[in-house]
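Here are some notes for a first look at this entry. Please keep the sequence and the model open while reading.

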Amino acid sequence: MNGKKIALCAPFSGPPGAEGRALKQTTTISPQALQRQREFCHQISEYNAARGKQPLALVDTYGCQQNEADSERLRGWLAQMGYRFTQREEEADVIVLNTCAVREHAEDRVFGNVGALVHTKHRRPSQIICLCGCMMQQPQVARRVRETYRHVDLVFGPHALWRFPELLWQALSRRVRVFDVEDEPGSVCEGIPQVRESGVKAWVSIMYGCNNFCTYCIVPYVRGRERSRRPEDILREVEQLAAQGVREITLLGQNVNSYGKDLPEAVDFAWLLEQINAVEGEFWIRFMTSHPKDATERLFDTMARCAKVAPALHLPFQAGNDRVLNAMNRGYTSREYLDKVAALRARIPNLALTSDVIVGFPGETTAEFEDTLALISQVEFDALFTFIYSPRQGTPAASMPDPLPMEEKKANFQRLLQAQNEISSRKHHGYIGKTLRCLVDGEGRDPRNNLTARTPGNRLVHLNGGKELVGRFVPLTITGATTWALFGRPSEEEPLCQKP
Ligand code: SAH
Ligand code: SF4
Ligand code: F3S
(Lines give C-alpha, C1' and ligand atoms only; values in the text may rest on other atoms or scores of the structure.)
(Ligands and ions follow the chains in the order given, each with its own letter.)
Protein backbone atom coordinates (compact mmCIF):
# COMPACT_ATOMS: atom_id res chain seq x y z
CA MET A 1 0.00 0.00 0.00
CA ASN A 2 2.28 2.71 -1.36
CA GLY A 3 5.01 1.52 0.99
CA LYS A 4 2.86 2.39 3.99
CA LYS A 5 2.79 -0.12 6.78
CA ILE A 6 -0.42 -1.22 8.38
CA ALA A 7 0.02 -0.73 12.06
CA LEU A 8 -1.83 -0.61 15.35
CA CYS A 9 -1.74 1.88 18.19
CA ALA A 10 -0.61 5.11 16.58
CA PRO A 11 -0.28 8.08 18.96
CA PHE A 12 -2.93 10.82 19.07
CA SER A 13 -2.35 14.00 17.14
CA GLY A 14 -1.19 17.05 19.08
CA PRO A 15 -3.12 18.77 21.84
CA PRO A 16 -4.75 22.23 21.60
CA GLY A 17 -2.35 24.87 20.40
CA ALA A 18 -0.16 22.31 18.71
CA GLU A 19 1.54 22.99 15.42
CA GLY A 20 -0.45 21.64 12.51
CA ARG A 21 -3.34 23.95 13.35
CA ALA A 22 -2.32 26.28 10.57
CA LEU A 23 -1.71 23.48 8.12
CA LYS A 24 -1.50 25.13 4.72
CA GLN A 25 -0.76 22.15 2.54
CA THR A 26 -3.61 19.70 2.34
CA THR A 27 -2.63 16.22 1.14
CA THR A 28 -4.63 15.21 -1.91
CA ILE A 29 -4.87 11.59 -2.98
CA SER A 30 -3.53 11.30 -6.52
CA PRO A 31 -5.69 9.98 -9.39
CA GLN A 32 -3.15 7.14 -9.79
CA ALA A 33 -3.55 6.08 -6.16
CA LEU A 34 -7.33 6.10 -6.59
CA GLN A 35 -7.06 4.15 -9.84
CA ARG A 36 -5.14 1.49 -7.92
CA GLN A 37 -8.10 1.21 -5.55
CA ARG A 38 -10.43 0.70 -8.51
CA GLU A 39 -8.19 -2.14 -9.59
CA PHE A 40 -8.65 -3.75 -6.18
CA CYS A 41 -12.42 -3.38 -6.69
CA HIS A 42 -12.05 -5.29 -9.94
CA GLN A 43 -9.99 -8.01 -8.25
CA ILE A 44 -12.63 -8.42 -5.54
CA SER A 45 -15.39 -8.58 -8.10
CA GLU A 46 -13.51 -11.34 -9.99
CA TYR A 47 -12.80 -13.17 -6.74
CA ASN A 48 -16.53 -13.16 -5.90
CA ALA A 49 -17.52 -14.09 -9.47
CA ALA A 50 -15.24 -17.13 -9.29
CA ARG A 51 -17.32 -18.28 -6.34
CA GLY A 52 -20.40 -18.04 -8.52
CA LYS A 53 -22.80 -16.04 -6.40
CA GLN A 54 -24.10 -12.53 -5.94
CA PRO A 55 -22.22 -11.12 -2.93
CA LEU A 56 -24.19 -9.09 -0.36
CA ALA A 57 -23.03 -6.33 1.97
CA LEU A 58 -24.54 -4.55 4.97
CA VAL A 59 -23.38 -1.08 6.04
CA ASP A 60 -24.57 0.17 9.42
CA THR A 61 -23.93 3.80 10.39
CA TYR A 62 -23.58 5.43 13.82
CA GLY A 63 -23.01 9.11 14.55
CA CYS A 64 -23.32 12.30 12.59
CA GLN A 65 -24.05 13.31 9.00
CA GLN A 66 -20.33 13.16 8.18
CA ASN A 67 -20.49 9.47 8.95
CA GLU A 68 -23.67 9.10 6.88
CA ALA A 69 -21.80 10.69 3.99
CA ASP A 70 -18.82 8.37 4.56
CA SER A 71 -21.17 5.37 4.51
CA GLU A 72 -22.44 6.50 1.10
CA ARG A 73 -18.81 6.30 -0.04
CA LEU A 74 -18.31 2.87 1.56
CA ARG A 75 -21.43 1.69 -0.28
CA GLY A 76 -20.05 3.28 -3.44
CA TRP A 77 -16.85 1.23 -3.15
CA LEU A 78 -18.81 -1.93 -2.35
CA ALA A 79 -21.12 -1.40 -5.35
CA GLN A 80 -18.06 -1.01 -7.55
CA MET A 81 -16.83 -4.36 -6.21
CA GLY A 82 -20.12 -5.91 -7.33
CA TYR A 83 -21.85 -6.12 -3.94
CA ARG A 84 -25.58 -5.64 -3.55
CA PHE A 85 -27.01 -4.50 -0.23
CA THR A 86 -29.00 -6.22 2.47
CA GLN A 87 -30.30 -5.33 5.94
CA ARG A 88 -30.00 -8.91 7.16
CA GLU A 89 -26.79 -9.71 9.00
CA GLU A 90 -27.18 -13.46 8.52
CA GLU A 91 -27.05 -13.25 4.71
CA ALA A 92 -24.33 -10.60 4.38
CA ASP A 93 -20.92 -11.60 3.03
CA VAL A 94 -19.45 -8.32 4.27
CA ILE A 95 -20.68 -6.36 7.30
CA VAL A 96 -19.36 -2.83 7.85
CA LEU A 97 -20.08 -0.93 11.06
CA ASN A 98 -19.17 2.74 10.59
CA THR A 99 -18.74 3.91 14.18
CA CYS A 100 -18.94 7.12 16.22
CA ALA A 101 -16.78 8.06 19.21
CA VAL A 102 -18.47 11.26 20.34
CA ARG A 103 -20.05 9.88 23.53
CA GLU A 104 -19.68 6.69 25.54
CA HIS A 105 -23.26 5.69 24.76
CA ALA A 106 -22.49 5.61 21.01
CA GLU A 107 -19.46 3.39 21.67
CA ASP A 108 -21.40 1.05 23.94
CA ARG A 109 -23.98 0.47 21.20
CA VAL A 110 -21.24 -0.49 18.75
CA PHE A 111 -19.57 -2.87 21.19
CA GLY A 112 -22.96 -4.46 21.95
CA ASN A 113 -23.74 -4.96 18.26
CA VAL A 114 -20.31 -6.21 17.27
CA GLY A 115 -20.36 -8.64 20.19
CA ALA A 116 -23.62 -10.12 18.90
CA LEU A 117 -22.05 -10.67 15.46
CA VAL A 118 -19.92 -13.46 16.88
CA HIS A 119 -22.93 -15.78 16.46
CA THR A 120 -23.63 -14.63 12.89
CA LYS A 121 -20.01 -15.23 11.97
CA HIS A 122 -20.07 -18.62 13.66
CA ARG A 123 -22.92 -19.67 11.36
CA ARG A 124 -21.25 -18.11 8.32
CA PRO A 125 -17.44 -18.36 8.76
CA SER A 126 -16.69 -16.80 5.36
CA GLN A 127 -18.33 -13.54 6.46
CA ILE A 128 -15.99 -10.53 6.68
CA ILE A 129 -16.70 -8.15 9.58
CA CYS A 130 -15.30 -4.63 9.27
CA LEU A 131 -15.23 -1.89 11.88
CA CYS A 132 -14.40 1.59 10.67
CA GLY A 133 -15.09 5.23 11.51
CA CYS A 134 -14.14 7.52 14.37
CA MET A 135 -14.03 4.95 17.20
CA MET A 136 -11.37 2.97 15.39
CA GLN A 137 -9.03 5.95 15.16
CA GLN A 138 -8.59 5.72 18.97
CA PRO A 139 -5.66 3.44 19.85
CA GLN A 140 -7.28 2.00 22.99
CA VAL A 141 -10.39 1.02 21.02
CA ALA A 142 -8.43 -0.59 18.19
CA ARG A 143 -6.44 -2.49 20.85
CA ARG A 144 -9.62 -3.69 22.54
CA VAL A 145 -11.02 -4.90 19.22
CA ARG A 146 -7.78 -6.70 18.41
CA GLU A 147 -7.66 -8.45 21.76
CA THR A 148 -11.31 -9.08 22.60
CA TYR A 149 -13.32 -9.14 19.38
CA ARG A 150 -11.40 -11.75 17.47
CA HIS A 151 -14.18 -12.31 14.95
CA VAL A 152 -13.55 -8.83 13.51
CA ASP A 153 -11.48 -9.10 10.31
CA LEU A 154 -10.85 -5.53 9.23
CA VAL A 155 -10.41 -2.34 11.25
CA PHE A 156 -9.69 1.10 9.81
CA GLY A 157 -10.20 4.74 10.73
CA PRO A 158 -11.71 7.63 8.72
CA HIS A 159 -8.27 8.48 7.28
CA ALA A 160 -8.11 5.13 5.49
CA LEU A 161 -11.59 5.15 3.93
CA TRP A 162 -10.24 5.96 0.48
CA ARG A 163 -8.21 2.71 0.48
CA PHE A 164 -11.04 0.45 1.69
CA PRO A 165 -10.86 -1.72 -1.50
CA GLU A 166 -7.21 -2.58 -0.86
CA LEU A 167 -7.85 -3.36 2.81
CA LEU A 168 -10.86 -5.54 2.03
CA TRP A 169 -8.87 -7.36 -0.63
CA GLN A 170 -6.18 -8.17 1.94
CA ALA A 171 -8.75 -9.45 4.42
CA LEU A 172 -10.54 -11.50 1.76
CA SER A 173 -7.65 -12.96 -0.16
CA ARG A 174 -5.16 -13.54 2.64
CA ARG A 175 -7.65 -14.37 5.39
CA VAL A 176 -5.63 -12.35 7.90
CA ARG A 177 -6.91 -9.73 10.30
CA VAL A 178 -6.11 -6.26 8.91
CA PHE A 179 -5.71 -3.12 11.04
CA ASP A 180 -5.13 0.28 9.42
CA VAL A 181 -5.54 2.79 12.21
CA GLU A 182 -2.37 4.85 12.03
CA ASP A 183 -2.71 8.49 12.97
CA GLU A 184 -2.31 10.64 9.84
CA PRO A 185 -2.83 14.33 9.14
CA GLY A 186 -5.71 13.30 6.88
CA SER A 187 -6.21 13.92 3.20
CA VAL A 188 -8.77 14.95 0.64
CA CYS A 189 -9.76 12.33 -1.91
CA GLU A 190 -11.87 13.19 -4.96
CA GLY A 191 -13.57 10.57 -7.06
CA ILE A 192 -14.65 7.93 -4.51
CA PRO A 193 -17.91 6.51 -5.87
CA GLN A 194 -21.06 7.13 -3.83
CA VAL A 195 -24.33 5.28 -3.44
CA ARG A 196 -26.66 7.97 -2.13
CA GLU A 197 -29.43 7.12 0.28
CA SER A 198 -31.99 9.46 -1.31
CA GLY A 199 -32.69 10.98 -4.70
CA VAL A 200 -34.36 14.00 -3.08
CA LYS A 201 -31.73 15.11 -0.58
CA ALA A 202 -27.95 14.87 -0.69
CA TRP A 203 -25.01 15.41 1.62
CA VAL A 204 -22.02 17.22 0.16
CA SER A 205 -18.87 17.29 2.30
CA ILE A 206 -17.07 20.58 1.79
CA MET A 207 -14.35 20.00 4.36
CA TYR A 208 -13.06 17.37 6.74
CA GLY A 209 -11.57 17.47 10.23
CA CYS A 210 -11.61 20.10 12.94
CA ASN A 211 -9.04 22.49 14.42
CA ASN A 212 -11.07 23.76 17.34
CA PHE A 213 -10.20 21.33 20.10
CA CYS A 214 -13.19 22.05 22.33
CA THR A 215 -11.90 20.47 25.53
CA TYR A 216 -14.66 17.83 25.78
CA CYS A 217 -14.54 16.69 22.17
CA ILE A 218 -12.82 13.70 20.55
CA VAL A 219 -13.56 14.72 16.95
CA PRO A 220 -10.30 16.64 16.21
CA TYR A 221 -8.29 13.65 17.45
CA VAL A 222 -10.07 11.12 15.28
CA ARG A 223 -10.83 13.22 12.21
CA GLY A 224 -7.56 15.16 11.95
CA ARG A 225 -6.97 18.78 10.97
CA GLU A 226 -9.28 20.86 8.79
CA ARG A 227 -8.99 20.16 5.08
CA SER A 228 -11.18 21.93 2.53
CA ARG A 229 -12.20 20.47 -0.79
CA ARG A 230 -11.38 22.63 -3.81
CA PRO A 231 -14.30 24.88 -4.74
CA GLU A 232 -14.37 23.59 -8.32
CA ASP A 233 -14.80 19.99 -7.09
CA ILE A 234 -17.65 20.99 -4.78
CA LEU A 235 -19.36 23.02 -7.49
CA ARG A 236 -19.09 20.19 -9.99
CA GLU A 237 -20.74 17.83 -7.50
CA VAL A 238 -23.53 20.32 -6.75
CA GLU A 239 -24.14 20.90 -10.47
CA GLN A 240 -24.46 17.16 -11.05
CA LEU A 241 -26.86 16.77 -8.14
CA ALA A 242 -28.97 19.72 -9.29
CA ALA A 243 -29.06 18.29 -12.82
CA GLN A 244 -30.26 14.96 -11.39
CA GLY A 245 -33.15 16.79 -9.72
CA VAL A 246 -31.93 16.67 -6.11
CA ARG A 247 -34.03 19.18 -4.14
CA GLU A 248 -31.99 19.73 -1.01
CA ILE A 249 -28.23 19.88 -0.65
CA THR A 250 -26.68 19.92 2.81
CA LEU A 251 -23.09 21.10 2.93
CA LEU A 252 -21.14 19.26 5.60
CA GLY A 253 -18.17 20.06 7.78
CA GLN A 254 -17.43 20.12 11.52
CA ASN A 255 -17.16 23.88 11.23
CA VAL A 256 -18.20 25.01 7.76
CA ASN A 257 -17.44 28.60 8.73
CA SER A 258 -13.72 27.92 8.49
CA TYR A 259 -14.04 26.61 4.93
CA GLY A 260 -11.16 27.67 2.71
CA LYS A 261 -8.69 28.73 5.38
CA ASP A 262 -6.27 26.02 4.23
CA LEU A 263 -6.70 26.73 0.51
CA PRO A 264 -4.29 28.86 -1.50
CA GLU A 265 -7.17 30.96 -2.94
CA ALA A 266 -8.75 33.74 -0.89
CA VAL A 267 -12.12 31.99 -0.52
CA ASP A 268 -14.44 31.60 2.45
CA PHE A 269 -17.71 29.90 3.27
CA ALA A 270 -19.88 32.91 2.44
CA TRP A 271 -18.27 33.05 -1.00
CA LEU A 272 -18.86 29.32 -1.50
CA LEU A 273 -22.53 29.68 -0.54
CA GLU A 274 -22.89 32.41 -3.12
CA GLN A 275 -21.35 30.19 -5.83
CA ILE A 276 -23.61 27.26 -4.96
CA ASN A 277 -26.62 29.54 -4.87
CA ALA A 278 -25.83 30.49 -8.48
CA VAL A 279 -25.97 26.86 -9.67
CA GLU A 280 -28.98 26.34 -11.90
CA GLY A 281 -31.83 24.26 -10.54
CA GLU A 282 -34.61 24.25 -7.99
CA PHE A 283 -33.09 23.22 -4.66
CA TRP A 284 -32.58 24.31 -1.09
CA ILE A 285 -29.13 24.73 0.42
CA ARG A 286 -28.56 23.81 4.05
CA PHE A 287 -25.29 23.44 5.92
CA MET A 288 -23.92 22.17 9.16
CA THR A 289 -22.25 22.72 11.53
CA SER A 290 -21.48 26.39 12.16
CA HIS A 291 -19.24 27.39 15.03
CA PRO A 292 -20.51 30.61 16.65
CA LYS A 293 -17.02 32.11 16.97
CA ASP A 294 -16.64 32.04 13.17
CA ALA A 295 -20.23 32.95 12.25
CA THR A 296 -19.87 36.44 10.80
CA GLU A 297 -22.26 39.17 9.70
CA ARG A 298 -20.89 38.62 6.21
CA LEU A 299 -22.22 35.05 6.42
CA PHE A 300 -25.61 36.24 7.73
CA ASP A 301 -25.88 38.81 4.91
CA THR A 302 -25.06 36.12 2.37
CA MET A 303 -27.64 33.73 3.84
CA ALA A 304 -30.28 36.46 3.68
CA ARG A 305 -29.38 37.41 0.12
CA CYS A 306 -29.11 33.92 -1.41
CA ALA A 307 -32.58 32.76 -2.41
CA LYS A 308 -31.72 29.05 -2.29
CA VAL A 309 -30.21 29.13 1.19
CA ALA A 310 -32.94 27.85 3.53
CA PRO A 311 -33.80 30.11 6.48
CA ALA A 312 -32.38 27.69 9.04
CA LEU A 313 -29.23 27.61 11.10
CA HIS A 314 -27.78 25.05 13.49
CA LEU A 315 -25.56 27.09 15.80
CA PRO A 316 -24.41 25.06 18.82
CA PHE A 317 -23.93 27.15 21.97
CA GLN A 318 -23.03 24.23 24.34
CA ALA A 319 -23.39 26.22 27.60
CA GLY A 320 -24.85 29.49 28.83
CA ASN A 321 -22.21 30.29 31.44
CA ASP A 322 -19.04 32.16 30.45
CA ARG A 323 -16.71 30.35 32.83
CA VAL A 324 -17.92 27.02 31.45
CA LEU A 325 -17.68 28.25 27.83
CA ASN A 326 -14.11 29.30 28.51
CA ALA A 327 -13.26 25.95 30.12
CA MET A 328 -14.76 24.30 27.01
CA ASN A 329 -12.41 26.41 24.83
CA ARG A 330 -15.36 27.62 22.75
CA GLY A 331 -13.98 31.08 22.01
CA TYR A 332 -17.13 33.18 22.67
CA THR A 333 -19.19 34.47 25.59
CA SER A 334 -22.93 34.06 26.01
CA ARG A 335 -23.32 37.80 25.25
CA GLU A 336 -21.46 37.37 21.97
CA TYR A 337 -23.65 34.38 21.12
CA LEU A 338 -26.83 36.35 21.84
CA ASP A 339 -25.57 39.28 19.75
CA LYS A 340 -25.01 36.95 16.80
CA VAL A 341 -28.52 35.54 17.14
CA ALA A 342 -29.93 39.09 17.17
CA ALA A 343 -27.88 40.02 14.08
CA LEU A 344 -29.16 36.91 12.30
CA ARG A 345 -32.79 37.44 13.18
CA ALA A 346 -32.61 41.08 12.10
CA ARG A 347 -31.67 39.84 8.63
CA ILE A 348 -33.78 36.65 8.46
CA PRO A 349 -36.88 37.16 10.62
CA ASN A 350 -38.38 33.73 9.85
CA LEU A 351 -35.11 31.91 10.67
CA ALA A 352 -35.42 28.53 12.40
CA LEU A 353 -32.60 28.25 14.91
CA THR A 354 -31.40 24.98 16.44
CA SER A 355 -28.52 24.21 18.74
CA ASP A 356 -26.52 21.66 20.74
CA VAL A 357 -26.03 21.87 24.48
CA ILE A 358 -24.01 19.87 27.00
CA VAL A 359 -25.19 19.46 30.59
CA GLY A 360 -22.74 18.51 33.34
CA PHE A 361 -19.42 19.62 31.84
CA PRO A 362 -16.72 18.95 34.50
CA GLY A 363 -16.99 21.58 37.24
CA GLU A 364 -20.29 23.05 35.97
CA THR A 365 -22.33 23.89 39.08
CA THR A 366 -26.10 23.90 39.15
CA ALA A 367 -25.95 27.70 39.51
CA GLU A 368 -23.91 27.85 36.29
CA PHE A 369 -26.35 25.49 34.59
CA GLU A 370 -29.11 28.05 35.35
CA ASP A 371 -27.36 30.30 32.79
CA THR A 372 -28.01 27.62 30.16
CA LEU A 373 -31.69 27.62 31.09
CA ALA A 374 -31.74 31.43 30.94
CA LEU A 375 -30.12 31.41 27.49
CA ILE A 376 -32.59 28.95 26.03
CA SER A 377 -35.60 30.87 27.32
CA GLN A 378 -34.15 34.08 25.92
CA VAL A 379 -33.32 32.66 22.47
CA GLU A 380 -36.25 30.24 22.15
CA PHE A 381 -34.64 27.70 19.85
CA ASP A 382 -36.90 25.78 17.48
CA ALA A 383 -35.23 22.56 18.61
CA LEU A 384 -32.32 21.59 20.79
CA PHE A 385 -30.01 18.56 20.79
CA THR A 386 -29.18 17.95 24.43
CA PHE A 387 -26.37 15.78 25.80
CA ILE A 388 -25.06 14.83 29.22
CA TYR A 389 -21.29 15.30 29.26
CA SER A 390 -19.45 12.07 28.49
CA PRO A 391 -15.70 11.89 29.30
CA ARG A 392 -13.57 11.07 26.26
CA GLN A 393 -10.15 9.58 26.91
CA GLY A 394 -7.29 11.84 25.81
CA THR A 395 -9.29 15.10 25.84
CA PRO A 396 -8.41 17.84 28.36
CA ALA A 397 -11.86 17.80 30.00
CA ALA A 398 -11.54 14.10 30.86
CA SER A 399 -8.92 14.99 33.48
CA MET A 400 -10.74 18.03 34.93
CA PRO A 401 -12.29 17.66 38.41
CA ASP A 402 -15.93 16.68 38.04
CA PRO A 403 -17.54 16.85 41.49
CA LEU A 404 -21.22 17.23 40.58
CA PRO A 405 -23.03 13.91 41.23
CA MET A 406 -24.58 12.25 38.18
CA GLU A 407 -27.99 12.38 39.87
CA GLU A 408 -27.81 16.17 39.95
CA LYS A 409 -26.64 16.34 36.32
CA LYS A 410 -29.58 14.16 35.34
CA ALA A 411 -31.99 16.36 37.27
CA ASN A 412 -30.60 19.45 35.49
CA PHE A 413 -30.87 17.64 32.17
CA GLN A 414 -34.55 16.90 32.82
CA ARG A 415 -35.22 20.55 33.64
CA LEU A 416 -33.57 21.54 30.37
CA LEU A 417 -35.64 19.03 28.39
CA GLN A 418 -38.83 20.20 30.00
CA ALA A 419 -38.10 23.87 29.34
CA GLN A 420 -37.16 23.23 25.72
CA ASN A 421 -40.12 20.93 25.05
CA GLU A 422 -42.42 23.69 26.20
CA ILE A 423 -40.70 26.16 23.82
CA SER A 424 -40.65 23.73 20.86
CA SER A 425 -44.31 22.89 21.37
CA ARG A 426 -45.32 26.55 21.58
CA LYS A 427 -43.33 27.39 18.44
CA HIS A 428 -44.78 24.45 16.55
CA HIS A 429 -48.34 25.39 17.51
CA GLY A 430 -47.61 28.87 16.17
CA TYR A 431 -47.40 27.38 12.67
CA ILE A 432 -51.02 26.16 12.70
CA GLY A 433 -53.07 27.84 9.97
CA LYS A 434 -50.01 29.03 8.06
CA THR A 435 -49.17 27.87 4.55
CA LEU A 436 -45.50 27.12 3.87
CA ARG A 437 -43.62 26.02 0.80
CA CYS A 438 -42.35 22.59 1.88
CA LEU A 439 -40.26 19.86 0.33
CA VAL A 440 -41.95 16.45 0.33
CA ASP A 441 -38.94 14.24 1.06
CA GLY A 442 -40.18 10.70 1.57
CA GLU A 443 -42.69 8.20 2.80
CA GLY A 444 -43.58 7.87 6.47
CA ARG A 445 -44.60 4.85 8.50
CA ASP A 446 -48.07 6.01 9.50
CA PRO A 447 -50.64 5.01 6.82
CA ARG A 448 -52.89 7.95 7.81
CA ASN A 449 -50.01 10.36 7.11
CA ASN A 450 -48.09 8.45 4.50
CA LEU A 451 -45.66 11.20 3.47
CA THR A 452 -43.08 13.38 5.21
CA ALA A 453 -42.02 16.88 4.28
CA ARG A 454 -39.75 19.62 5.60
CA THR A 455 -40.54 23.27 6.08
CA PRO A 456 -37.95 25.83 4.93
CA GLY A 457 -36.79 25.87 8.58
CA ASN A 458 -36.37 22.07 8.44
CA ARG A 459 -39.32 21.23 10.72
CA LEU A 460 -40.77 17.80 10.03
CA VAL A 461 -44.32 17.75 8.58
CA HIS A 462 -46.51 14.63 8.29
CA LEU A 463 -49.09 14.68 5.53
CA ASN A 464 -51.33 12.50 3.46
CA GLY A 465 -50.91 12.50 -0.31
CA GLY A 466 -49.97 10.69 -3.49
CA LYS A 467 -46.45 9.30 -3.77
CA GLU A 468 -45.90 11.44 -6.87
CA LEU A 469 -45.47 14.40 -4.48
CA VAL A 470 -42.14 13.00 -3.21
CA GLY A 471 -39.34 15.21 -4.47
CA ARG A 472 -41.61 18.19 -5.08
CA PHE A 473 -41.95 21.57 -3.41
CA VAL A 474 -45.58 21.81 -2.31
CA PRO A 475 -47.49 24.52 -0.40
CA LEU A 476 -48.68 22.89 2.83
CA THR A 477 -51.20 24.39 5.25
CA ILE A 478 -50.26 23.40 8.78
CA THR A 479 -53.20 21.81 10.54
CA GLY A 480 -51.69 20.39 13.72
CA ALA A 481 -48.55 20.27 15.84
CA THR A 482 -46.75 18.35 18.58
CA THR A 483 -43.46 19.11 20.35
CA TRP A 484 -41.51 17.31 17.66
CA ALA A 485 -43.45 17.62 14.41
CA LEU A 486 -46.16 19.36 12.41
CA PHE A 487 -49.12 18.01 10.44
CA GLY A 488 -50.20 19.54 7.16
CA ARG A 489 -52.22 19.21 3.97
CA PRO A 490 -51.46 20.28 0.41
CA SER A 491 -52.96 23.67 -0.31
CA GLU A 492 -53.78 25.96 -3.22
CA GLU A 493 -52.90 29.03 -1.17
CA GLU A 494 -49.84 31.17 -1.86
CA PRO A 495 -47.16 30.02 0.60
CA LEU A 496 -45.80 32.47 3.16
CA CYS A 497 -42.16 31.82 2.52
CA GLN A 498 -41.10 32.39 -1.08
CA LYS A 499 -37.55 31.21 -0.49
CA PRO A 500 -36.15 29.96 -2.79
N1 SAH B 1 -18.69 20.21 15.11
C2 SAH B 1 -19.94 20.32 15.71
C3 SAH B 1 -20.34 19.23 16.65
C4 SAH B 1 -19.88 17.85 16.52
S5 SAH B 1 -20.27 16.78 17.81
C6 SAH B 1 -19.95 21.61 16.49
O7 SAH B 1 -18.97 22.04 17.00
O8 SAH B 1 -21.01 22.13 16.62
C9 SAH B 1 -22.00 17.08 18.06
C10 SAH B 1 -22.34 17.51 19.44
O11 SAH B 1 -22.04 16.50 20.38
C12 SAH B 1 -21.59 18.72 19.96
O13 SAH B 1 -22.11 19.92 19.50
C14 SAH B 1 -21.73 18.58 21.45
O15 SAH B 1 -22.91 19.21 21.91
C16 SAH B 1 -21.86 17.08 21.64
N17 SAH B 1 -20.66 16.51 22.26
C18 SAH B 1 -19.41 16.47 21.75
N19 SAH B 1 -18.58 15.87 22.62
C20 SAH B 1 -19.31 15.54 23.70
C21 SAH B 1 -19.02 14.90 24.94
N22 SAH B 1 -17.79 14.52 25.25
N23 SAH B 1 -20.03 14.71 25.83
C24 SAH B 1 -21.30 15.10 25.52
N25 SAH B 1 -21.62 15.71 24.38
C26 SAH B 1 -20.64 15.93 23.47
FE1 SF4 C 1 -15.81 19.05 18.47
FE2 SF4 C 1 -17.30 20.71 17.06
FE3 SF4 C 1 -15.63 21.64 18.92
FE4 SF4 C 1 -14.70 20.61 16.64
S5 SF4 C 1 -15.93 22.48 16.87
S6 SF4 C 1 -13.90 20.24 18.69
S7 SF4 C 1 -16.14 18.99 16.29
S8 SF4 C 1 -17.46 20.36 19.25
FE1 F3S D 1 -19.22 10.78 15.83
FE2 F3S D 1 -17.15 11.02 14.29
FE3 F3S D 1 -19.36 12.34 13.73
S4 F3S D 1 -17.11 10.95 16.49
S5 F3S D 1 -20.24 12.71 15.75
S6 F3S D 1 -19.14 10.15 13.73
S7 F3S D 1 -17.27 13.04 13.38
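1. Start with helix α8. Its buried residues pack against α7 (231–243), β12 (248–252), β13 (284–288) and α9 (297–305). Contact here means heavy atoms within 4.5 Å. Helices (H or I, at least four residues) and strands (E, at least two) are DSSP runs, numbered from the N terminus.

2. A word on the basis. This is a predicted model, where local features need pLDDT of at least 70, side-chain atom pairs count only at pLDDT 80 or more, and totals for chains, interfaces and linings use all residues. Residues are numbered from 1 along each chain as its sequence is written, chains are lettered from A and ligands numbered from 1 in the order in which they are written, and side-chain values use heavy atoms, with hydrogens and water left out.

3. Which residues of α8 (residues 269–277) are buried? They are F269, A270, L272, L273, I276 and N277. They sit on the same side of α8, because they cover an arc of only 160° around the axis. The arc is that of the directions from the helix axis to the C-beta atoms. Buried means under 20% relative accessible area, exposed over 50%, partly exposed in between (1.4 Å probe, protein chains only).

4. The N-terminal end of α8 has a cap, D268. One of the side-chain oxygens of D268 lies 3.4 Å from the backbone nitrogen of A270.

5. Next, ligand 1. It is surrounded by 15 residues, and the closest are R103, Q254, Q318, D356 and S390. Near means that a heavy atom of the residue lies within 4 Å. A polar side-chain atom of R103 lies 2.9 Å from an oxygen atom of the ligand. For Q254, a polar side-chain atom is 2.7 Å from a nitrogen atom of ligand 1. A polar backbone atom of Y216 is 3.0 Å from a nitrogen atom of ligand 1.

6. Ligand 2 has Q254 in its shell, along with residues including C210, C214, C217 and R330. C214 counts as buried, because its relative accessibility is 8%.

7. Around ligand 3 are C64, N67, C100, A101, V102, C134, R223 and Q254. By class, that shell has five nonpolar, two polar and one charged.

8. How many disulfides are there? The count comes to zero. A disulfide is a pair of cysteine sulfur atoms within 2.5 Å.

9. Last, T435 in strand β17 (residues 435–443). T435 is buried, because its relative accessible area is 3%.

Notes: Polar contact = N/O pair within 3.5 Å; in protein donor to acceptor, adjacent residues only side chain to side chain. Nonpolar A, V, L, I, M, F, W, Y, C, P; charged D, E, K, R; others polar.
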